[in-house]
Amino acid sequence: MPELPEVETVRDGLDRLVVGAVVRDVEVFRDYSVRRHDGGPGSFRDQLVGRRLSAAVRRGKFLWLPLGSGVDDDAPAAALLAHLGMSGQLLVRGAGVAPGRDGAAPDDEWRHPHLRVRLHLAGAPSGARYLDFVDQRTFGHLSVQDLVPDGDTTAPPGAPAGYGSDLPVLPAPVAHIARDLLDPSLDLDALVRRVRRRRTQIKRALLDQTVVSGVGNIYADEALWRAQVHWGRPTDRLPAAQVRRVLESAAAVMREALAQGGTSFDDLYVNVNGQSGYFERSLAVYGRENEPCRRCGTLVRRDAFMNRSSFSCPVCQPRPRGLR
DNA sequence: ACCGGTCCCTGTTAGC
DNA sequence: TGCTAACAGGGACCGG
């Protein structure tokens, strides 16, 4: 499932392989994959054709490609916005990197069964010809969005709105998304205070993208295990040092995952080259119900939480009073 | 303004 | 074997 490290891996690949290319055509194979776009798929195509993909920027799990005119270098006023949801991939074809059926040798013409949108490119330095949006479970989506000023008041004035950009502007639907834990402009002290002002459980706060972005269910569980904090601890009664430890643990585990190219369980996630990440083998608790805790050997426990699963060590992460 | 619950979507797997 | 139900889960949205 793409969380921050996986999306950053994709952003980096797009930066190297497709930035500089001009969009020549757009094919939308499934309308539902173009969402929250004014005017629908037809307008989506019209707003992309002839535009230059001028950068690759990320905040949390959102990714966008600011659109240049294709003629001059005026500051972009719009961007192609992508969210990968839980199974989205952006695959570059034509640069000899994206694999064919069943992971076979690179095949520039192959259409993945879950291909939802294809951008036809020209002029990419890498030789990329297509940018394919592939998404099995269709929680991911693409749109073209206006770029608006960043409303974040805790960052220095003029700070870049996302990783990979120099500009303090971002797509309108991302304006309410908080900075992520690997953002150099993040104010960690302000974030610790913000979390402690909430009246909720620590894991809910970690997963709330308007508080801090980029953390999903997997890295939330890993961070809480590292910090030895139970997911159900109330934020307003958690000491600042513990909140800080949770956040620093999340940043550390995501940095390590990024260094390994992201996490993959079942090839739903692949990077822009179509290769899986290798971080799964490093997970301490996520998906390890009834397996020994890597710290103390106690069997890892799974709880239903927010309509999903939470994995924790019953000994290293003692539950708060009043929670079953 | 904040908070928690529900729904969107599809392929795989577990269970009867 | 064939069907159904559960499951994976980020974020928009809505009601309190």
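1. In this predicted model, Leu53 lies opposite Leu67 of strand S4. The pairing to which this belongs joins strand S2 (residues 52–53) to S4 in the antiparallel sense, over two bridges.

2. Strand S3 (residues 57–59) also pairs with S4, antiparallel and over three bridges. Here Arg59 faces Phe62 of S4. Two residues separate the strands in the hairpin of S3 and S4, and Gly60 adopts a positive phi near 55 degrees there.

3. A further partner of S4 is strand S5 (residues 78–83); the two run antiparallel and are joined by five bridges. Within this pairing, Leu63 stands opposite Ala82 of S5.

4. Strand S4 itself (residues 62–68) is mostly covered, with seven of its seven residues buried. Side chains in a regular strand alternate between the two faces of the sheet. In S4, Phe62, Trp64, Pro66 and Gly68 point one way, whereas Leu63, Leu65 and Leu67 point the other way, and all are buried.

5. Turning to the helices, H5 (residues 217–227) packs against H6 (residues 240–259) at an angle of about 120 degrees, and their axes are 8 Å apart. The two helices are therefore oblique to each other, and their crossing is right-handed. On the H5 side the contact is made by Tyr219, Glu222, Ala223, Leu224, Arg226 and Ala227. The residues contributed by H6 include Arg245, Val246, Ser249, Met254 and Glu256. By class, the contact of H5 with H6 comprises 10 nonpolar, one polar and four charged residues.

Terms used: Residues are numbered from 1 along each chain as its sequence is written. Chains are lettered from A and ligands numbered from 1 in the order in which they are written. This is a predicted model: local features need pLDDT of at least 70, side-chain atom pairs count only at pLDDT 80 or more; totals for chains, interfaces and linings use all residues. Side-chain values use heavy atoms; hydrogens and water are left out. Axes are lines fitted to C-alpha atoms, for helices over the stretch in contact, and angles run from 0 to 180 degrees between N-to-C directions. Helices (H or I, at least four residues) and strands (E, at least two) are DSSP runs, numbered from the N terminus. Angles under 35 degrees count as roughly parallel, over 145 as roughly antiparallel, 65 to 115 as roughly perpendicular and the rest as oblique. A crossing is left-handed if the near helix is turned anticlockwise from the far one by less than a right angle, and right-handed if clockwise. Contact means heavy atoms within 4.5 Å. Ala, Val, Leu, Ile, Met, Phe, Trp, Tyr, Cys and Pro count as nonpolar, Asp, Glu, Lys and Arg as charged, and the others, Gly among them, as polar. Buried means under 20% relative accessible area, exposed over 50%, partly exposed in between (1.4 Å probe, protein chains only). Two strands pair if DSSP finds at least two bridges between them.
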